[in-house]
Amino acid sequence: MKGTRNRRERGAVAVEFALVAPLFLAILLAIIEFSNFFRVQIGVTQAAREAARSMAINNNQGTAKAAAAAASPAIDPSGFSYVFSPASCGSNQTVTVTITYSLKTVSGGALQSLTGAIMPSTVTGVSAMRCGG
């Protein structure tokens with residue numbers, strides 16, 4: 001009698017695990033995806049800040065792009081799209097640099113249906129600096 005009771009309890013544990021495990025894994029993947037999003041957001045914002053600073057001081061878009069790439073070493077800078085406004089710095093102007101980056105998911109899109117409405121697929125960083133340093 002005792003042996004059948006242990007088997008039933010083990011079976012109940014297996015059923016409970018089968019019900020809880022997918023939810024647990026979905027929450028775990030969501031935490032990983034959101035932390036990746038925030039890591040990339042911080043990196044792109046830092047890259048935009050450094051690009052605007054470099055543009056304000058050097059008035060050279062190539063140097064500004066290099067500064068942006070150096071400011072975010074954990075992100076592939078080849079995925080950056082830059083918008084400089086205005087295209088060159090003049091006296092008493094403010095240069096604004098906008099960098100957009102296409103976000104790559106960690107889970108390979110497994111949670112895209114769950115997080116797609118909350119988490120954007122592109123990340124944008126914007127920074128402005130007064131020209132002339």
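The legends below walk through several close-up views of this predicted model.

**View 1. The three-stranded sheet.**
Let's start with an open sheet of 3 strands, arranged in the order β1-β2-β3 with antiparallel pairing. Strands β1 (80-85) and β3 are at the edges, and each has a single partner strand, so one side of each is left without a neighbour in the sheet. On average, neighbouring strands of this sheet are turned by 15 degrees against each other, direction ignored. Helix α2 (residues 61-71) lies across β1 and β2, and runs at about 135 degrees to β1.

**View 2. Where β2 meets β3.**
Here we look at the pairing of strand β2 (residues 94-102) with β3, which is antiparallel and extends over 9 bridges. To find your place, look for Thr 98, which stands opposite Val 126 in β3.

Ser 127 is part of strand β3 (residues 122-130). Is this residue, at 11% relative accessibility, buried or exposed? Ser 127 counts as buried, because its 11% falls under the 20% cut-off. Leaving aside neighbours within four places in sequence, Ser 127 is in contact with Ala 48, Arg 49, Ala 52, Val 95, Thr 96 and Val 97.

**View 4**

**View 3. An aromatic cluster.**
Our last stop is a group of rings: Phe 80, Tyr 82, Phe 84 and Tyr 101 form one aromatic cluster. A search of the whole structure finds 4 aromatic pairs. In one of them, the rings of Phe 80 and Tyr 101 have centres 5.6 Å apart and planes at 75 degrees, so this pair is edge-to-face. Phe 80 lies in strand β1 and Tyr 101 in strand β2, so the pair ties together parts that are 21 residues apart in sequence. Phe 80 is buried, at 8% relative accessible area, and Tyr 101 counts as buried at 7%. Tyr 82 and Phe 84 form a stacked pair, 6.0 Å centre to centre with 10 degrees between the planes. Phe 84 is buried too, with a relative accessible area of 12%.

Key
Residues numbered from 1 in each chain as written. Predicted model: local features only at pLDDT ≥ 70, side-chain atom pairs only at ≥ 80, totals over all residues. Heavy atoms only, no water. Helix = DSSP H or I, 4+ residues; strand = E, 2+ residues; numbered from the N terminus. Buried < 20%, exposed > 50% of the residue type's maximum accessible area, 1.4 Å probe, protein only. Contact = heavy atoms within 4.5 Å. Pairing = 2+ DSSP bridges. Axes fitted to C-alpha atoms, helices over the stretch in contact; angles between N-to-C directions. Phe/Tyr/Trp six-rings, centres within 6.5 Å; stacked < 30°, edge-to-face > 60°.
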